[in-house]
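Welcome! Please take a moment to look over the chains before reading on.

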Amino acid sequence: MHMADALLAPAVAAATFAATGVTAGVSIHKLRKDDDTAKLPTMAVTAALVFAGQMINYTIPGTGSSGHLCGGMLLSTLLGPQAGFLSMIVILTIQCLLFADGGLMALGANCWNMAFYGCFVGYYLIWRPIIRSGLFSKLGEKAAVRARIILASVLGCTVTLELGAFSVVLETTLSGITELPFGAFCALMLPIHLAIGLVEGLVTSAILIFVFEARPELLQEVSAREKGLRGRQSLKSTIIVLAVLAAVIGGGLSLLASSNPDGLEWALFGNKDAGYAENMALDEESYGVQSGAADAAQTIQDKTSVLPDYAFPDSESAAGTTVSGLVGAAVVAAAAVGVCALGGFFRKRKQRS
Amino acid sequence: MANAERASAELRQMDDLASSVSPIHSLHPLAKLIVTISYVLATVSFDRYELTALSGMILYPAALFALSGIPVRTCLHKLRFVLPLVLAVGLFNPLLDRTPLFRLGTVTVTGGVVSMLSLMCKGAFCLAASFLLAATTPIDALCAALRRVRVPSFLVTLLLLTYRYVSVMLDEVSVMTTAYRLRAPGQKGIHISAWGSFLGQLLLRSMDRAQSLYESMLLRGFTGEFRYAEGRRAGLRDWIFVLICLSAFALCRFVDLPALIGGLLVR
């Protein structure tokens, strides 16, 4: 999923760089404040390990193919989301500079697509709620934690990888690089990454379970749980988990159910009430078919896309790209600050209680 | 990156290239960083149909390859990671964009073909530029340059430390996979029964190692920041290099040099 420089317009690259930079800045500030700089060698060694671990092939039983490791989730569960994000940036930088995997200008976009979702979205919206929740508690204490780890890492890897793949499509389309319609491009990218995410999630969960068996204190949240630092949030977190699950399943189903090959595009632009048709200057007749699937997909879109009402530029117009890039920069940066602030907020409250 | 041994060899190769001697290697890392970033920006900002004007941009990597003595083959070898996604994106352009642009003999060249070619050229050029930066600048020097442009020291220190450990970890992983392969002949990868324990074992060992590493760093007076040896300051030569490169990029970007030259030759 590493993007090359050629796939991005300078404005989009600048926007993603800004977003990544802000997130990294906030993360560093947070680590400094918590005096977590002692983590530095651990971060470096773990990052190097994940880097090397990505070279290992894991045979998928029953098939001839093999899978790899999902870095972001593993790092944020071991180090925490902020430290995980910084470690992922470093991994991606080394890959870019020394292995020419991804471009120098596209580094911001790559960090955003692969590190931000995996570390922050994956941790705060999926890993933490699931680990804290009372799911599977019928199975007994140990088995329940194990089941939760599997669920959290498979769900986390799949969702964050899908978000990343969706961002690749979004960034490429905004840059006006490809002639491929948005929906068709999505249909090309998302199913592939669904499969990859599933395997990566399984590999990640296998490693995390091993760590849990040997040294549960190394895993974020699991150790807090064992110390009894939890309890009240279980209902709320269960609801969040269910919502994320519903979004994923709903999104998948609505894509399948739609006979229109441009299902996502149709869902994204075909809603007159939200004013998307105007933004696009598209013919409402050709897109605005109402159906349950379209509505479901619309909801998913609103949930998953960072910038739902982005004006997609005419592929020819450079001005359009610049304007939307700048708007995007502002929104993405705001989102980055928001997510980081949210994480800090929750953590502070936990410590006080 | 299929296997750790190859990655480790590649890393060593980059290290060797970066520590050789040439006029380009001796330039100040900050100058090279500025030039590389401007080159990438200039290249990417070309319009999708400006294939001829874009072709002028090949001069910079060509000149640098020549001056630094870095073999072009190593660079071509690295294209394999980046090109697939670029290809996947660009391959549909000829099918979807069929506006005829010009005729070449009896063949009509459509906009899609031109935009696909220019996309691939951009990908290759930008890759060559960042490869040249990494191949002519040791990572310590690059990190010092990053500190100069105010990249937070936490991130730069992390980058340096991780870089040091990447080769250690790659070696460990390659030893482990070799051992595993020898005991499980004819098997393509790690069996599902060992998915967790294979990397998990190494992970636990490494976490302990990191702890003792940190303790020994503290004992030697580590305060959270690395001290970089004060390298030489950027001199006149470096600024001349920056000036020449930037004006050449601007010239290529705003004047269609290949077309001008072509116009002189063809009437």
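Predicted model: local features only at pLDDT ≥ 70, side-chain atom pairs only at ≥ 80, totals over all residues.

Residues are numbered from 1 along each chain as its sequence is written, and chains are lettered from A and ligands numbered from 1 in the order in which they are written.

Chain A brings 63 residues to the contact and chain B brings 72 residues; two residues are in contact if their C-beta atoms, placed from the backbone, lie within 7 Å. On the side of chain A that touches chain B, at least two residues each come from helix H1 (10-33), helix H2 (40-53), strand E1 (58-59), helix H4 (81-99) and helix H7 (182-214) of chain A. Helices (H or I, at least four residues) and strands (E, at least two) are DSSP runs, numbered from the N terminus. The most is given by H2(A), with 13 residues. By class, this side of chain A has 45 nonpolar, 14 polar and four charged residues. Here Ala, Val, Leu, Ile, Met, Phe, Trp, Tyr, Cys and Pro count as nonpolar, Asp, Glu, Lys and Arg as charged, and the others, Gly among them, as polar.

Now for two helix pairs. Axes are lines fitted to C-alpha atoms, for helices over the stretch in contact, and angles run from 0 to 180 degrees between N-to-C directions.

| Helix pair | Axes come within | Crossing angle |
|---|---|---|
| H1(A) and H4(A) | 9 Å | roughly 130° |
| H2(A) and H10(B) (residues 195-219) | 8 Å | roughly 150° |

The angle makes H2(A) roughly antiparallel to H10(B), a word used for angles over 145 degrees, with under 35 counted as roughly parallel, 65 to 115 as roughly perpendicular and the rest as oblique. Residues on the H2(A) side include Val45(A) and Leu49(A), and those on the H10(B) side include Leu203(B) and Tyr214(B). This contact divides into eleven nonpolar, four polar and one charged residues.

Within chain A, Ala24(A) and Leu31(A) are among the H1(A) residues that meet H4(A), where Phe85(A) and Ile89(A) are among the partners.

Finally, look at H9(B). This helix bends by about 25° at Tyr165(B), the bend being the angle between axes fitted to the seven residues ending there and the seven starting there.
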